[in-house]
Amino acid sequence: MNPAKVLQKEEIAPGIFLMNLETPRVAAKAQAGQFFVLRVDDKGERIPLTIADFNRKEGQIVTVFQVVGRTTAKLADLKVGDELATLVGPLGKPTEISQFGFTVLIGGGVGVAALYPILREFKKAGNFTYTIQGARSKEFLIWEEKLLAYSDKLILTTDDGSKGRKGVVTDPLKEVLEKEKVDLVFAVGPSMMMKFVSEITREYGVKTVVSLNPIMVDATGMCGACRVEVGGKTYFGCVDGPDFDGHQVNWELLLARQRMYCDEEEIARKNNA
Amino acid sequence: MPKIKAQEQLPKERIHNFNEVSFGYTLEEGQKEAERCLQCKRAPCRQGCPVGIDIPAFIALIKETKFLEAAWKIKETNSLPAICGRVCPQEIQCEKFCTLRHKDEPVAIGRLERLVADLEIEKGFKIPEVRKKLKTPVAVVGSGPAGLTVAGDLARRGYPVVIFEALHQAGGVLVYGIPEFRLPKKIVQAEVSYLESLGVSIELNTVIGQTLSLDDLFKEGFKSIFLGLGAGAPVFMKIEGENLNGIYSANEFLTRVNLMRAYLFPEYDTPVKRGKRVAVIGGGNVALDAARTALRLGAEKVYLVYRRTEAEMPARQEEYEHAKEEGVEMLFLTLPVKFEGKDGWVEKMVCIKMELGEPDETGRRRPVPVPGSEFSLDVDQVIIAIGTRANPLLISRVPGLRLNERGYIKVNERGRTSKKGVFAGGDIVTGSATVISAMGMGKVAAQAIHDYLS
């Protein structure tokens with residue numbers, strides 16, 4: 001069987017939780033850039049979450065999530081020792097790791113957790129890692145020390161200026177693109193952030209990889225809920241991604257499809273209250 | 001004398017619930033229907049059964065009111081009779097060959113199968129004695145009709161069998177695809193639990209190709225592997241506007257409603273859009289399932305849009321009749337050409353009328369567009385049910401596994417693939433077909449695996 005036991009739970013920022021899960025088979029195969037799907041209980045929805053770290057020897061994976069809807073709220077209510085109804089993975093293609101040269105890695109909000117294992121692999125592969133982390137304000141800046149450990153340079157931004165630079169991640173991005181010959185940009189975070197990052201890097205002709213997070217159901221290529229358009233062609237985010245060329249992504253479509261169940265989320269919230 | 005009718009929920013009632021449409025026979029009705037059987041010596045009906053059920057023998061037992069014995073007789077060759085009795089297209093299989101069809105109607109073999117299978121579920125299964133436990137474990141990938149059949153047949157021969165299933169419930173298309181009103185989930189669960197009582201174990205939430213590779217399975221000690229993956233990947237039309245919100249593949253729509261129980265939202269967490277004006281594209285059983293599901297979710301208007309005519313529809317006759325009774329409007333000789341939307345949501349479907357031309361490679365007359373016949377339909381939900389293709393997730397990653405030109409696994413007539421010890425069957429070999437054809441291939445492959453391991 002595939003156990004999925006909660007070994008540790010910690011609120012690392014307001015509404016943002018870290019969870020350490022025992023799931024040996026998933027941990028054994030996990031690679032940077034991949035995700036897993038969970039269902040909290042028998043009435044639960046299947047949602048994809050990022051594999052933020054893994055320990056193959058101990059058979060554990062780490063995920064970091066923000067409470068946004070019913071499933072993440074239920075997940076945050078679990079206690080150490082509880083079992084998830086479903087944990088399946090690792091899913092999606094691993095991030096392509098190679099010696100690119102000067103790389104800029106951008107993590108927004110809770111996306112920083114997804115960025116961390118990718119950053120670690122980029123660094124190990126011999127890249128210069130220029131990391132930009134953005135959040136609303138200082139209490140939402142997570143895993144700063146972990147990023148620092150693998151970053152040749154780490155820039156922090158907050159919307160309100162409570163820590164690091166006041167502003168958004170695209171400000172320091174523009175500066176580094178002006179100053180350096182950047183070989184690759186990798187961005188993960190809110191779709192709007194990834195869209196703006198891609199628009200800027202396009203002007204500089206710098207290859208940009210983004211990690212998309214469309215709505216999924218089975219996440220094995222069976223349903224097509226996660227359709228994304230890249231370069232005018234339709235792909236399934238779950239099996240063809242999650243990483244795509246940011247310059248080719250149809251961002252309007254992605255943003256619209258992510259809002260598909262807004263009304264139902266509202267119903268679920270009221271039903272919960 | 002025609003077939004005895006089985007009682008059904010009235011159309012105007014059943015479109016408001018997900019309960020099963022047909023109540024099936026009562027024991028009295030079944031016994032009466034069994035008396036219609038001529039007990040032909042040659043038993044032509046048997047040649048129409050892909051799993052080789054001794055049809056006259058089980059019907060004779062029903063005639064003698066030995067209902068449970070009849071179920072056991074079926075179970076000698078078919079582990080999933082309550083499923084088959086409901087979803088097999090009997091009109092093109094066993095019942096097609098029934099001698100009575102020349103006089104009036106064939107014997108209702110499917111309904112009789114369902115009757116005794118349901119009775120056995122109610123009374124408790126008789127677990128056949130399994131001979132000595134063998135020491136050659138077999139892995140079955142996928143818990144749909146093909147995989148369940150292989151698992152059942154091998155378990156009965158004494159093999160330790162483990163089924164690996166990617167989803168969180170066993171049954172494959174029987175639980176994610178076929179709706180509750182046609183095949184109740186508790187029936188699938190009961191027949192799966194029968195296999196478990198034969199010693200089959202099922203590992204859910206395990207995606208072979210991601211969680212474990214085929215080589216991992218061999219390393220874990222499995223001596224042979226059966227791939228019953230299904231033809232899981234949905235095909236889209238590749239026309240303008242197809243990714244607008246409100247447009248689903250049938251796989252997604254049905255998975256949300258069936259496997260995830262979205263019809264019970266918000267008691268269950270998974271939502272599904274409830275369209276008011278729904279178009280379902282396609283003419284097969286899946287299209288009808290989607291159309292009838294949309295009605296039950298409260299649609300005011302459901303169109304079934306098919307580019308050929310009623311005569312070419314691959315759907316089961318009974319389900320087509322049910323859909324018509326329920327008010328699904330059929331638009332034949334019609335092909336969608338683009339979707340138009342507003343603020344990201346589908347609003348209109350532009351179609352073109354078709355006419356039938358020369359026969360194509362399937363022998364059916366090829367539909368060709370009538371120039372200038374475009375028209376548009378106002379819709380707020382579209383479900384694409386034009387078929388599936390092989391899901392490449394696992395099979396593209398197995399070195400040495402040969403595929404055919406359409407991307408399905410190449411096998412010999414016994415289900416053997418190009419990779420040593422690996423067998424395959426069901427839709428991943430044939431492309432989209434029926435539950436029973438997958439089961440038939442499973443039976444053949446189980447015998448081949450047994451021969452391979454002996």
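Contact means heavy atoms within 4.5 Å. Keep that cut-off in mind for the packing described on this tour.

The model is predicted, with local features needing pLDDT of at least 70 and side-chain atom pairs counting only at pLDDT 80 or more, while totals for chains, interfaces and linings use all residues. Residues are numbered from 1 along each chain as its sequence is written, chains are lettered from A and ligands numbered from 1 in the order in which they are written, and side-chain values use heavy atoms, with hydrogens and water left out.

**Stop 1: a helix in chain B**

Select residues 55–63 of chain B, which form helix H3. Helices (H or I, at least four residues) and strands (E, at least two) are DSSP runs, numbered from the N terminus. Of the 9 residues in H3(B), 7 are buried; buried means under 20% relative accessible area, exposed over 50%, and partly exposed in between (1.4 Å probe, protein chains only). Colour the buried ones: B:Ile55, B:Pro56, B:Phe58, B:Ile59, B:Ala60, B:Leu61 and B:Ile62. What do they pack against? Show helix H2 (27–34), helix H4 (67–75) and helix H6 (109–123) of chain B, and you have the partners. Just after H3(B), look at B:Thr65, which has a positive phi of about 60°.

**Stop 2: the whole of chain A**

Along the principal axes, the C-alpha trace of chain A spans about 55 × 40 × 35 Å. Of the 273 residues in chain A, 58% are buried.

**Stop 3: the open sheet**

Which order do the 7 strands of the open sheet follow? In chain A the order is E11-E10-E9-E8-E12-E13-E16, and the pairing is mixed. The edge strands are E11 (165–166) and E16 (243–245) of chain A, each of which pairs on one side only. Two strands pair if DSSP finds at least two bridges between them.

**Stop 4: strand E12**

Select residues 184–188 of chain A, strand E12, where 5 of 5 residues are buried. On to the neighbours of E12(A). Strand E8 (102–108) of chain A runs parallel to E12(A) and is joined to it by 5 bridges, with A:Leu105 opposite A:Phe186. Strand E13 (208–211) of chain A is also parallel to E12(A), with 3 bridges between them. In E13(A), A:Thr208 is the bridge partner of A:Val185. Trace the chain from E12(A) through helix H6 (191–204) of chain A to E13(A): this β-α-β crossover is right-handed. That is, with the strands pointing away from the viewer, the path from the first strand over the helix to the second runs clockwise.

**Stop 5: a serine in a loop**

Finish at A:Ser151, in the loop between helix H4 (144–150) and strand E10 (153–158) of chain A. Is A:Ser151 buried or exposed? A:Ser151 counts as buried, because its relative accessibility is 12%. Leaving out residues up to four places away in sequence, A:Ser151 touches A:Leu119, A:Thr129 and A:Thr131.
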